[in-house]
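Open the model in your viewer and keep the sequence panel beside it. The stops below say what to select and what is there.

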Number of protein chains: 2
Amino acid sequence: MDELTKLSVNDVQITSTFWKRYRDLIAEESVPFQWDMINDKGKMDVTNAAAAGGAADHSGAIENLKIAAGRAEGHHFGYPFQDTDVYKWLQTVAYVLKYHFDPKMKEEADWTVDLIADAQDDDGYLSTYFQIDAPQRKFKRLQQSHELYSMGHYIEAGVAYYESTGNQKALDIAEKMAGCINNHFGPEDGKIHGYDGHPEIELALAKLYETTKNKTYLNLAKYFITERGQDLHFFDRQNKADGIDNDFFPELRTIGDRYYFADKPITEQKDAHGHAVRVLYFCTGLAHVARVEHDDKLLKAANTIWNDIVKKQMYITGNVGQTATGEAFTYDYDLPNDTDYGETCASVSMAFFTKQMLANEFNGQFGDIIEKEIFNGALSGIALDGKHYFYANPLEADPLASKLNPGKKHIALRRSSWFACACCPANITRLIASLDQYLYEIHDDVILSHQFIANDAKFNDGIEIKQTGNFPWDGNIDYAITNPNTSKFTFGIRIPAWSLDNYSIKVNGKEVEPDLKENVLYIPINDKTTAISLELNMNVHVVRANANVSADIMKVAVQRGPIVYCLEGVDNEEPLSRYVLGQKPSFDYNYQSKLLNGVGVVTTDDAYRIADDSDDSLYTFDRPKGVEKAHLEFIPYYAWANRDEKQMTVWLHQSEI
Amino acid sequence: MDELTKLSVNDVQITSTFWKRYRDLIAEESVPFQWDMINDKGKMDVTNAAAAGGAADHSGAIENLKIAAGRAEGHHFGYPFQDTDVYKWLQTVAYVLKYHFDPKMKEEADWTVDLIADAQDDDGYLSTYFQIDAPQRKFKRLQQSHELYSMGHYIEAGVAYYESTGNQKALDIAEKMAGCINNHFGPEDGKIHGYDGHPEIELALAKLYETTKNKTYLNLAKYFITERGQDLHFFDRQNKADGIDNDFFPELRTIGDRYYFADKPITEQKDAHGHAVRVLYFCTGLAHVARVEHDDKLLKAANTIWNDIVKKQMYITGNVGQTATGEAFTYDYDLPNDTDYGETCASVSMAFFTKQMLANEFNGQFGDIIEKEIFNGALSGIALDGKHYFYANPLEADPLASKLNPGKKHIALRRSSWFACACCPANITRLIASLDQYLYEIHDDVILSHQFIANDAKFNDGIEIKQTGNFPWDGNIDYAITNPNTSKFTFGIRIPAWSLDNYSIKVNGKEVEPDLKENVLYIPINDKTTAISLELNMNVHVVRANANVSADIMKVAVQRGPIVYCLEGVDNEEPLSRYVLGQKPSFDYNYQSKLLNGVGVVTTDDAYRIADDSDDSLYTFDRPKGVEKAHLEFIPYYAWANRDEKQMTVWLHQSEI
């Protein structure tokens, strides 16, 4: 480039119709609703308590902070990490205020920052459970205490709120916290040589470093990342010293280090295992620190885990964490659809992790996975009303099974308003509210646009990029690039894996064939204005899983653009397991503006329904009674369970072998 | 008939090669081995503790009786129902002594009867846990105490031992026990109006009635049967009075009356639900009492439950109880193969229940299910060495899944020598040892032969029936009937459902076409000697499940005669999920005398293997890579897991729709 020494993004405003609806919903419905919940106002409607650590009648989260701040009296209520519900709400607010300013919301957030400051100990410590009810046990049972996890969530929120509003106190709290943690943890003599059972502090400290440029935080993040799994007796020793059965979560004492992703140092880990969100929060910090530190070993470790997940342990929707037991990964190619956990938090944190991977390396595969999460697995965690949330996001559901087969009781057919352990609601809202941060990455002289989410973006040097289009329903994407100083830079566009076989691109009206490297097109920009038109392949695709996935053998799924579709019993006669897709099905697509807040519906008549034999015997030597032609209607997976409680399936049979 | 007023069977000796091996194994290996186990001699090799209430290093069962008898000191060890391991061993011995007399075994059994007599309280009560450690809590917490369950098991054993050996003390103990129970339970004022959380006493009292003809026992059995589910607060009231959290099994206090099959009176029950063995023990007593009492309502109730199980909740192997959680039934047509529990005890008790149903009504369907259990689901519970046992009998198994997917941790790939809760070992051995009781039923002037198990049977009036053949490997069955007094009677032969389409029968060398009613052929007998030759259809069949069974859609199983086959990873390259059977496969069959103690092996070359794509991406729009021809070897299901720990599956894909 000429004068321009370093490209940077100043502002991104999302204009996408699809996402504007969601983001306004977060601002107008979710944030006020969650504020009521954490303030113990309003009714909690918990339908899938099995997946959420039991039902609760109130949150107590703000009240706990009031007690710790000396503004109220009483005991702590809820989990040791109850504080994080407030912090994730605050983080959502920080993002919302940038696109949907609301003075009342800001007032509540400022009040909350003041409350948190008051609740914080002079030395920077903040975890209301320990402050109120067990001050002598601070940092004494990190396997289960979630203290660094909780403070990490605050640090993220504080940094975001400071960045958004300039509230210095919000940042000061975070720095004081980090200072407290730095005083207690690290390789030096006299400090605790250990880490939290639940990662989060790593990614939070990396963010705090980015904002403050204080290397102490980066070093501490790296310490936690490299220390994990080094000393396999750390948790045990702490537990014994703290009183062996003085547990917060008795089942977590003996569950083993694999659950904590702490069974070996990260550079020796070969796959994702244990509690999914722990793995993914950890890897988000790992990839971030690896990039900032230019640490190839850590970067390689991050790649190893990311590849294992994406190539061997991820559902087609992007959901991860196959089992409800321990909310955990299981093993490669084990992807049962009907017992799947696929926690909303896990999909959200897979997006976090992948954003860091993409910042490390411009490779279309990372953008593909962010897209997969935000349009499918993560998005299904929130109802169309913005006020109900899923914990588990299965690929197959049946009301009868959830009720009568205990192995499927974690599969809810209806999203809940809140949970005793309310991690998921504000996790999905903070992701959607921060989606503007997921559109561009910059390396040297390259601006990469990796998501097809219409937006107006301003960069330094007066550069502006306007993306328009009606994605995900329409595949025509237009970019108008303004470059008033005719600086030289390169514009990168990710070509999604689902369109690689068929796309076309025009620059200033002329068809071009630019370089495609790692699924990214690179277009040199040096004019004052450049118009780019991209046409993606929006044909409906039949998707097949790798033959190592036993659960999906002889089954297929339906996808159009980034959207994974499903059959719901509302639209198709049950049982859904009876449908068989024809060998070369043709599909129709139509956008229905009145259905489910506007969705593209896929239909086919190239399907069959295995004939009914309800009155027959259970087993027979007879050949099948035959099949009848069937018409099938598919809706986007993210929109399921917003109508009647019916069966749902993503995968359906296909007779082809 | 002429002079003969009532037909009765005097003696049945099993001569079948297949079953003689098993029955000699029970006598020579299992009984001595189990004796060592309950006497705390020898090493326990527990590999599937997850399914068996945890691992144990010893049994303590005989020791508990010694303590109760005043011959030793100490506390009770194990579960409150630990006594039953001794009783079921004793019952097995009772049956074994009739076909494989062993003076040492009899001596041990007599000694055990004496010990039990000494342990019994003067009032007839016997449950060593309560006698030793909680005498004040007798009959105070029946939801969990298993007291009537334990005494029921003794009563069964005592009756059997008396019938087999004439040991009067064995019967006296049983009668004293029944007297004690009758003193404490019943509709009269001052008695407990309730029942045991675990049925068993009902069937035991019915047996005691059959031997003693004392109507008190029958009435008491009927009381327990009709009282169950009448008072939904019985357990709760007892629990509260006993100290609400003074539980033996805390999880069983709030599990709900459905688990106990006590949510409504039996005449109102529509399906099987809750703990499978509880349902089936209960229904065994129900069907027995219904017959003896000519109670049509109870008989109808028994038919309702039996039909629900067989037509909607039974695996093709006869295994029942779909979920490990509560070892329970789930709901109609819910038959997942890879999370199946299918407890050995449940298959054994399904045989008990069905034998009672057949005694009520001569219908081939009952004989079919007995056959299904003894050749498949129940038999798979015992290893070929007679000394290792399964709790769970899945239809699909994978060592990796059992290790790394917690939802499948109950699926063992290897049978265990013993369990902390050791109900299954002696349950399967007492069934096999009593198999001679499962061959004939008599109604009026009809002798029904309903199992193809070669035997020499003696009836009254000098009638003898000799069945020969090499079933289940060979379908030629010969009967030689001797009738010295040329009495007139009818000989019934069940034609199995799997041979109904193709069988032939010759009487004295002449092809005949006798009446077939409810799948039973009726042949009038009035000569001194009659020779009957039956030829059954031993073609290999491809079996399809009802289309309501979502787990088996587009899958098939392989069956030959009564034997359900499976693929094992020992014989076929894994993963087994990749195999697809051709549309009209032809099979070869050959008996391999050196394999698995002699089994008929089924093979086919009309199969395909979906091509490998281990290195490909997890999801693709590409068409399948194709298939390669495959050779498949099937072994009988009952014999699986007797070699290396590998994958196993009963159902495999078929491309036909």
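**Stop 1: the interface**

Show chain A and chain B together and look for charged pairs across the interface: the rule finds zero salt bridges there. The model is a predicted one. Polar contacts do cross between the two chains, with 20 residue pairs found where both partners have pLDDT 80 or more.

Next, select the side of chain A that touches chain B. Six elements of chain A each supply at least two residues to this side: α13 (296-312), α16 (399-404), β16 (540-545), β21 (599-610), β22 (619-620) and β25 (652-654). Which of the elements gives the most to the side of chain A that touches chain B? That is β16(A), with five residues. Colour this side of chain A by residue class and you get 31 nonpolar, 18 polar and 16 charged residues.

The contact draws 65 residues from chain A and 65 residues from chain B. The size of an interface is often given as the accessible area lost when the parts come together. Here about 5,400 Å² is buried between chain A and chain B, and carbon and sulfur atoms give 60% of that area.

**Stop 2: strands that pair across the chains**

Select β16(A) together with residues 619-620 of chain B, which form strand β22. The two strands pair in the antiparallel sense over two bridges. To find one of the partners, pick Ala545(A): its bridge partner in β22(B) is Tyr619(B).

**Stop 3: a sheet in chain A**

Select the open sheet of seven strands in chain A, whose order is β1-β7-β8-β9-β15-β11-β12 with antiparallel pairing. At its edges stand β1 (9-14) and β12 (510-511) of chain A; each has a single partner strand, so one side of each is left without a neighbour in the sheet.

Within that order, pick residues 476-482 and 529-535 of chain A, which are strands β9 and β15. These antiparallel strands are joined by seven bridges.

**Stop 4: a hairpin in chain A**

Move to strand β20 (residues 587-592) of chain A, which is joined to β21(A) by six bridges and runs antiparallel to it. Across this pairing, Tyr589(A) stands opposite Val602(A) in β21(A). The hairpin has six residues between its strands, and Leu596(A) takes a positive phi near 50° in it. β21(A) was also among the elements on the side of chain A that touches chain B.

**Stop 5: backbone exceptions**

Most residues other than glycine have a negative phi, and most peptide bonds are trans. Select Glu327(A), a residue other than glycine with a positive phi near 45°. Glu327(A) is in the loop between α13 and β3 (328-329) of chain A.

Then select Glu574(A) and Pro575(A): the peptide bond from the one to the other is cis, with omega near -5°. Pro575(A) is in the loop that runs between β18 (563-568) and β19 (579-581) of chain A. In chain B, a cis peptide bond joins Glu574(B) and Pro575(B), with omega about 0°. The loop holding Pro575(B) is the one between β18 (563-568) and β19 (579-581) of chain B.

**Stop 6: side-chain pairs**

Over all chains, the count of salt bridges comes to 62. For one of them, show Asp114(A) and Lys169(A), whose closest N and O atoms are 2.7 Å apart. Asp114(A) belongs to helix α4 (residues 103-119) of chain A and Lys169(A) to helix α8 (residues 168-184) of chain A, so the pair ties together parts 55 residues apart in sequence.

Trp35(B) sits in helix α1 (residues 17-38) of chain B and Trp111(B) in helix α4 (residues 103-119) of chain B, which puts the two 76 residues apart.

Terms used:
Residues are numbered from 1 along each chain as its sequence is written. Chains are lettered from A and ligands numbered from 1 in the order in which they are written. This is a predicted model: local features need pLDDT of at least 70, side-chain atom pairs count only at pLDDT 80 or more; totals for chains, interfaces and linings use all residues. Side-chain values use heavy atoms; hydrogens and water are left out. Contact means heavy atoms within 4.5 Å. Buried area is the accessible area (1.4 Å probe) that two parts lose on being put together, summed over both. A salt bridge is a side-chain nitrogen of Lys or Arg within 4 Å of a carboxyl oxygen of Asp or Glu. A polar contact is a pair of N or O atoms within 3.5 Å; within protein, one must be able to donate a hydrogen and the other to accept it, and residues adjacent in sequence count only if both atoms are side-chain atoms. Helices (H or I, at least four residues) and strands (E, at least two) are DSSP runs, numbered from the N terminus. Ala, Val, Leu, Ile, Met, Phe, Trp, Tyr, Cys and Pro count as nonpolar, Asp, Glu, Lys and Arg as charged, and the others, Gly among them, as polar. Two strands pair if DSSP finds at least two bridges between them.
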